[in-house]
Amino acid sequence: MVKKSIKNKIESKYDFEKIEKKWQKKWETSKIFQVKENKKKKFYVLEMYPYPSGSGLHIGHAFNYSIGDIYARFKRMQGFNVLYPMGFDSFGLPAENAAIQKNKHPKKFTEEVIQNFIKQQKELGLSYDWLRILRTHTPEYYKWNQFFFLKFLEKGLVYRKKASVNWCSKCNTVLANEQVHQGKCWRHENVGVEVKQLDQWFIKTTEYADELLRDIDKLDWPERIKIMQKNWIGKSYGTEINFEIETPAHEGCSPEPSKKVWPIFTTRPDTIYGVTFMVVSTQHYDLDQLVSADQEKDVEKFLKKIKSVGKKNLEGLEKEGVFTGSYAINPVNGEKIPVYVGNFVVADYGSGMVMGVPAHDQRDFEFAEKYSIPMKIVIEPKDYEIYERKGQLAKAYTGEGFLVNSEEFNGTESKTAREKITKYLERKKQGRKTIQYKLKDWLISRQRYWGTPIPIIYCEKCGIVPVDEKDLPIKLPADVKFGKGNPLTTNEKFLNTKCPKCNGKARRETDTMDTFFDSSWYYLRYCDNLNNKKPFGKKKIDYWMPVDQYIGGAEHATMHLIYARFFSKVLRDLGFLKFDEPFTKLFNQGMLHGEDGYVMSKSRGNVVLPEEVSKKYGIDTARLFLVSIASPDTDIQWSSKGIEGSYRFVKKVMKHFGNIKIGKTDARIESKLNKTIKGVTDDINNFRYNLAIIKIRNLFDRIPEKTSKEVLEKFLLLLHPFCPHFTEELWQNLGNKSFLSLHKWPITNEKKIDEKLEKQEEQVDNLVQDINNILRIVKTKPKSAIIYVIPNEQDIYEDYLDKIQKRTNLNIRIYSASDKNKYDPENKSKKVKQGRPGIYLE
């Protein structure tokens, strides 16, 4: 009866579309993925939320989301109360630009795109709690951006200053240093970035630099991400040395030459006597003051040429510069040192100027060699001379040694000299010991419309005044005109307001916030996204946070992940949170490449759409294939042929369950099942999805046509996180009324694992593999094979005869190597060893 009922329900053709829609609807109407706080142990799984682009999802996105969904389903089945939400990073310049191109308001454009995203995500079978959805462009969300900005301002973590900024003419906005790649805009690879001076809002991320660095080692994150963060924060112990710089006279503002002290940071004060030039950043606010009249044209020409560079791109950049006309005075010997402007110094590192020691720094060596600047050796190794025969340096000597040409410090070991020279400078009040970080304060001002309005008002009488919390949110005006630049600057209704202090005429800030501000706390809002009185309730945050498993790309290592960590620490200190770090564990997925070998992108035309794949193979097949190719943390390549193999497996499973007979199981299948449960559980826990699939497929190959219902159910449980739709269907066809999605994950029964039987299975697997390898090599197509085995293994292979024949498509005869009546025309039996049978094809 059971066999008949199953067979009737399994259609001869795998109607995946019908099955997928059926179960997606059942999951949604039954609300089985919606969760609340309860007494169960929680598990928070989160993928980095997407920016909703107009082109929608491609199969690469399906790969990313499948990784998280598999993990969430697995943890849910293990009995955890799983929070698995989804939202959209829906503010930002790309949406604004796309809306302008399509002649649509950004809000309308964005919301249409989001609806399409949601439709596509649901079709992937993702088990999100859709009740917790958030969209960062809604006032219900960005009100709390403004609230946190004000809290940061109260704490002294927000300030405004005029600064050199990276300006993209195509975006018509400021870019952070992190968004400048090789002097180009990160979104427009062909657009050179310019340097402008603007009043900007900053957040003091540097206040938490030491804690951000210190806590990295506590994180269960990929080592490369931890190293990237350590390097980005970049703690250096060194000395700040005061160089007096003679600035030339400037017509109008400074008719006479003047002197100004510049504090220059260095980790090598022992090389102070070897300084032969200085280099100031092209982005420095005071650069104009350093340029003499006779050098103005050369400097201007150079600045137009080099544009801008972010600190990510300094390595490998050709070092270029030009003399400014100014000179610095070396505080230890009074020597005049020429000041250059160069393209390899970042304005916000130290004072934005570095000292050039070409004999002992390779970068400085290359620069000095290019511009014929003298080199002065001040450190020599003890055991060898560093000059070439002609008296010229071949390259910079950057190692330790003893000081030369350094007056009273001659003969001092270089490490000792650092301390001595620092103390000498401190006595003369010309320097001090200090710590420097590469991490700089976070520039959050953006000159664009589609972002969170900064809650600041400018009053002629009261100055800069924060908006009252009761007046939040400051909403974006809907009626705006797009043309050039930020439309908020021309919207009189938005711009003109009253001062909260004096009630006099005032104007609003027209800059909006960097969207990294939105993504620095969104994971907290998911815990209580419907709360309109607070950003989140403390009880809910205490239950759900921190995120147990965060999933996203490694490209966010030095922006989003640092900002989110910083945000959590500030909110902790403000009393909103009780934890130090937002993301307990981090997993970085690989990138999906098209069949042409390049990363999938609309611009390359190599995109594969999930709808197309689903229509042909079903989305379960696609999910299975994407995580079968390789480990999910490596880059993989889409293959139209490869997915056919996954499709065949899915159809084979459906067919097998359609012909199954319910009966008893045996020790062999119980051993294999429990060993598979153990291995698959460990593999999924550690994101080794590809290895889990191999084990599941091997188990399937061992399941006979007649076995117990329990074996069949446990097989479906193991396969379910990867292929949720058709496994639900087969689960129901076995007579189960409950959702497979909510069923308990199988637990390994160690007592049922028979290592002797497992070893026999392995021997048979090796034999099948050897036969199939030979079949691929030989030109003829044999129909049968003779297998020669050692006498005490004959029974083992004969027990598996049917399966060997099935997996090789050959008629198989098995002989003991000692059988005198065996047929052995090539004496294969003489080479037989334990676990290594002889093979003869005929």
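Helix α10 (residues 296–306) supplies the largest share of a negative patch, three residues. The patch gathers Asp288, Asp294, Glu296, Asp298 and Glu300 on the surface. Patch members have over 30% relative accessible area and no salt bridge; like charges are joined within 9 Å, and nonpolar side chains (Val, Leu, Ile, Met, Phe, Trp, Tyr) within 5 Å. Asp and Glu count as negative, Lys and Arg as positive; His and the chain ends are not counted. Each charge is placed at NZ of Lys, CZ of Arg, CG of Asp or CD of Glu. Glu300 sits in helix α10. Glu300 counts as partly exposed because its relative accessibility is 48%. Here buried means under 20% relative accessible area, exposed over 50%, and partly exposed in between (1.4 Å probe, protein chains only). The areas come from the Shrake-Rupley method.

This is a predicted model, in which local features need pLDDT of at least 70 and side-chain atom pairs count only at pLDDT 80 or more, while totals for chains, interfaces and linings use all residues. Residues are numbered from 1 along each chain as its sequence is written, and side-chain values use heavy atoms, with hydrogens and water left out.

**Overall layout**

The protein has 27 helices and 34 strands. Both are DSSP runs numbered from the N terminus: helices are H or I with at least four residues, strands are E with at least two. The C-alpha trace spans about 110 × 75 × 45 Å along its principal axes. Of the 842 residues, 57% count as buried.

Helix α3 (residues 59–77) has 19 residues and reaches 26 Å from first to last C-alpha, close to the expected 27 Å. That expected span is 1.5 Å times one less than the number of residues. In α3, 17 of the 19 residues are buried, so the helix is largely enclosed by the rest of the structure. Just after α3, Gly79 takes a positive phi of about 100°.

**Salt bridges**

The structure holds 58 salt bridges. Each needs a side-chain nitrogen of Lys or Arg within 4 Å of a carboxyl oxygen of Asp or Glu.

| Pair | Closest N to O |
|---|---|
| Arg160 and Asp199 | 3.9 Å |
| Arg418 and Glu400 | 2.6 Å |

Arg418 lies in helix α12 (residues 414–427) and Glu400 in the loop between β16 (379–380) and β17 (402–403), 18 residues apart. Glu400 is partly exposed, at 30%. Salt bridges with shared partners also build one network, including Arg214, Asp215, Arg572 and Asp573.

Glu154 and Lys151 are three residues apart in helix α6 (residues 139–154), about one helical turn. Glu154 is exposed, with a relative accessible area of 59%. Lys151 is buried, at 18%.

**Backbone exceptions**

Most residues other than glycine have a negative phi, and most peptide bonds are trans. Asn503 has a positive phi near 65°. Asn503 belongs to the loop between β23 (496–498) and β24 (505–508) and is exposed at 52%. Phe687 also has a positive phi, about 60°. Phe687 falls in the loop between α21 (667–685) and α22 (689–702), and is buried at 4%.

A cis peptide bond joins Leu472 and Pro473, with omega about 0°. Pro473 lies in the loop between β22 (463–466) and α13 (492–495). The bond from Met545 to Pro546 is cis too, with omega near 0°. Pro546 lies in the loop between α16 (538–544) and β26 (547–552).

Note on methods: Accessible areas come from the Shrake-Rupley method with a 1.4 Å probe; for residues, only the protein chains shown count as cover.
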